[in-house]
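Here is a short report on one protein structure. Please keep the sequence and the 3D view open while reading.

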Amino acid sequence: MNTPISGFSKFSKSEKINWIVDTYFTNSEAAKKTLKQYWNSDEKLQQLHDEFIENTITNYYLPLGVAPNFLINGKLHTIPMAIEESSVVAAASKAAKFWLERGGFKATVLSTTKIGQVHFMFPGNPETLQSFFEQVKSKLLADAKSITQNMEKRGGGILDIELRNKTSHLSGYYQLHATFETLDAMGANFINSCLEQFATTFKREALLYPGFNDAEKQIEIVMSILSNYVPNCLVRAEVSCPVYNLSDDRNIDSEAFAQKFIQAVKIAEIEPYRAVTHNKGIMNGIDAVVLATGNDFRAVEAGVHAYASRDGQYRSLTHAKIENGIFTFWMEIPLALGTVGGLTGLHPLVKFAMELLHKPNAQELMQIVAVAGLAQNFAALRSLTTTGIQEGHMKMHLMNILNQFDATPDEKTQIIHHFKNHVVTHSAVVEAIENIRK
């Protein structure tokens, strides 16, 4: 039975690895070899990666692919995508090529406001608290000036602070609800620093406020933290074309395809079981670009799914319609992204991705990411409502199956040729490999 280890974080990298492989692996040398295979031969670059997080033992690779031919607001992009799932990059590329010939994608940033909150408990009179807040608000802003001055020089900063009474949900619970503009930074550290200063000032000034009794002066700060729900940091992406131009397959009628496509979207608007998978497809495109550009895909995921539930039911993020013979497919989505700070100035591949994207500012990156999600959803719905999702996906997955069985280059060539005219399933691929090897 394994025993707890003390002081692990103080071990050197090699000591950590030795403990792990000796404790958990039957073949410690093979395990150690696997870890070292993924180290970078450039020691300085490897040290950079080691210092991104704590207790680093190796690098974890994801493929970095590109999807070309994205025409966005008249500008051509090749979009970087870091993802492990087969067919995502191919689907995005196919959708980009399809809409390139139909005017491309249009994207607009609707708003860029972000939110942070100081959560606190107050046992007294709400009206007295409101009077105190109105008096102390200017002090809150003044005390945060040393944090905000550089952001303000660039045109950002604190937009407003509100006192919100949440006692109907939890006894004694209130918020300082602050809105921010962080420009090209995602802004988490900036926002959290401001919030912690608000909390310090608020608690200090409460002790001095003559309108409070002794109990009311003891405001309890629970926590000060930004919100990853950013319903007012919105971007819209859309595509449109005449219905008659919606199909590039002579076997698929454009009008019938358009109607079926819209029905598929409407199902995702009303059926949560479908909506989750529908939106997961959107996030295939979004997360891949967010990750490739060094942004926080977990924050984006959490905010997007909260937005999809904003009316109390989880729904599709995309919508489709036909008006006056024009098919339109669109999405409005919350995206808090940054192009400065964090990994964007450190990770060499993030720098590469940003240059590949013409060095976008935060609003331009919001547009690109939203378009990637819309393209991915279009490609998925197009497959679902025509050939079915598995035909294309399994053909892309074929190489993974072949690699599982250590297929030789000659075997891969024969099997790929065979499945050009046959349905790909795991069992069918295994059978084909066995037949060749017999």
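In helix H10, the buried residues are Ala299, Val300, Gly303, Val304, Tyr307 and Ala308. Buried means under 20% relative accessible area, exposed over 50%, and partly exposed in between (1.4 Å probe, protein chains only). Down the axis of H10, these buried residues fall within an arc of 160°, so they line one face of the helix. The arc is taken from the directions that run from the helix axis to the C-beta atoms.

The cover over the buried residues of H10 includes strand S8 (234-242), helix H9 (272-292) and strand S10 (326-334). Contact here means heavy atoms within 4.5 Å. Helices (H or I, at least four residues) and strands (E, at least two) are DSSP runs, numbered from the N terminus.

## Length and cap of H10

H10 spans residues 297-308, 12 residues in total. From first C-alpha to last it reaches 16 Å, close to the 16 Å expected at 1.5 Å a residue. The expected span is 1.5 Å times one less than the number of residues.

Aspartate 296 caps the N-terminal end of H10. One of its side-chain oxygens lies 3.1 Å from the backbone nitrogen of arginine 298.

## Basis of the model

The model is predicted: local features need pLDDT of at least 70, side-chain atom pairs count only at pLDDT 80 or more, and totals for chains, interfaces and linings use all residues. Residues are numbered from 1 along each chain as its sequence is written, and side-chain values use heavy atoms, with hydrogens and water left out.

## Overall build

The protein has 15 helices and 10 strands. Its C-alpha atoms fill a box of roughly 90 × 70 × 40 Å along the principal axes. Of its 438 residues, 44% count as buried. Among contacts with a separation of 6 or more, 71% come from residues 24 or more positions apart.

## Aromatic pairs

The whole structure holds 22 aromatic pairs. Rings of Phe, Tyr and Trp (its six-membered ring) pair if their centres lie within 6.5 Å; planes under 30 degrees apart count as stacked, over 60 as edge-to-face and the rest as tilted. Tyrosine 209 and phenylalanine 212 have ring centres 4.9 Å apart and planes at 75°, so this pair is edge-to-face. Both residues are buried.

Phenylalanine 257 and phenylalanine 261 are also edge-to-face, at 5.8 Å centre to centre and 70° between the planes. Both lie in helix H8 (residues 254-270), 4 residues apart, about one turn of the helix. Phenylalanine 257 is buried at 4% relative accessibility, and phenylalanine 261 at 0%. Ring pairs link Phe98, Trp99, Phe257, Phe261, Phe327, Phe329 and Phe378 into a cluster.

Key: Polar contact = N/O pair within 3.5 Å; in protein donor to acceptor, adjacent residues only side chain to side chain.
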